Amino acid sequence: MSKIAIMTDSNSGIMPMEGIEQEIHVLPMPILVDGQTYYEGQDITPAQFYQKLSEGVSVTTSQPSPGELLQMWDRLLESYDEIVFIPMSSGLSNSCQTASVLSQEEPYNGKVHVVDNHRISITQEQSVYDAKSLAEKGASGKEIKTLLEKESLDASIYIAVDTLEYLKKGGRITPAAAAIGTVLNLKPVLTIQGDKLDACSKTRGMKAAFKTMCKAVQKDLDTRFADLKKHGLLQAGIATTLMDKEKLTYFKEEMQQHFPDMKLKTAPLTMSIGCHTGPGAVGIGIFRTHIPEK
């Protein structure tokens, strides 16, 4: 049986140190803070990151250089026969496409399998652990890639943003719309369905936004995910950027009340997402899982 390394990037929410504990190999994503490069989970903490954001410092995301990626592949192939690499969705970053092109070159062709399963954050994390489980059951790298890509759209994410400032900075809304939205306490709800981050709705206040997201998830459960739910193949998740404990507890309790029969996974939203949403954002989602609930 081929020895397979499971690899991802920190957009999955799995940080390098956690990856070591779980035997997952994590490529940290670079974050540019006032022109200086930091690596998520290595040399900048969430507290430091959001402090910089609050100070108005220029913060942008980037992608790992080809050299960093190839260096990690070379190191892993010294100990493993194959690599299954699960980066963030190709629709949200060019890093997946770059990795796919590089994987077709020697000596990586046939040994490195880049999975474009159109996910990020907690749904991407699930794919990583599913890949590990499949490898442990004897699936080949090619088989894991094929299966995860086939099931890639079996996931939904909804994100409510507490402040419009960072959407304005990123050019997703105009300064005028941001000013009006702030005065009216409008909280946009965004959705990720595969490749794109799109607007879903607008509500007044975060609690109303959260209820709107729960209704959207329930609609998904009743329609396109009804069969997966029937067979117990779905899990729910909640993830946030920097948020006080009381708010986080409230959202967790609300999620459990809305979906009492579903296992709930919690995680922080990564810095790559935090750049665009700012602090106080909350995301919820549902996704297919291959790992049986314990």
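## A buried aspartate

Asp154 is buried, its relative accessible area being 19% (buried means under 20% relative accessible area, exposed over 50%, partly exposed in between, with a 1.4 Å probe and protein chains only). This is a predicted model, in which local features need pLDDT of at least 70, side-chain atom pairs count only at pLDDT 80 or more, and totals for chains, interfaces and linings use all residues. Residues are numbered from 1 along each chain as its sequence is written, and side-chain values use heavy atoms, with hydrogens and water left out.

Asp154 is placed in the loop that lies between α6 (141-150) and β8 (155-160); helices (H or I, at least four residues) and strands (E, at least two) are DSSP runs, numbered from the N terminus. Apart from neighbours within four places in sequence, Asp154 is in contact (heavy atoms within 4.5 Å) with Arg119, Phe225, Leu228, Ile286, Phe287 and Arg288. With Arg288, there is a side-chain to side-chain polar contact of 2.9 Å (a pair of N or O atoms within 3.5 Å; within protein, one must be able to donate a hydrogen and the other to accept it, and residues adjacent in sequence count only if both atoms are side-chain atoms).

## The sheet

An open sheet is formed by four strands in the order β2-β1-β6-β7, with parallel pairing (two strands pair if DSSP finds at least two bridges between them). Strands β1 (residues 4-9) and β6 (residues 82-86) are joined by five bridges, and Ile4 has Glu82 in β6 as its bridge partner.
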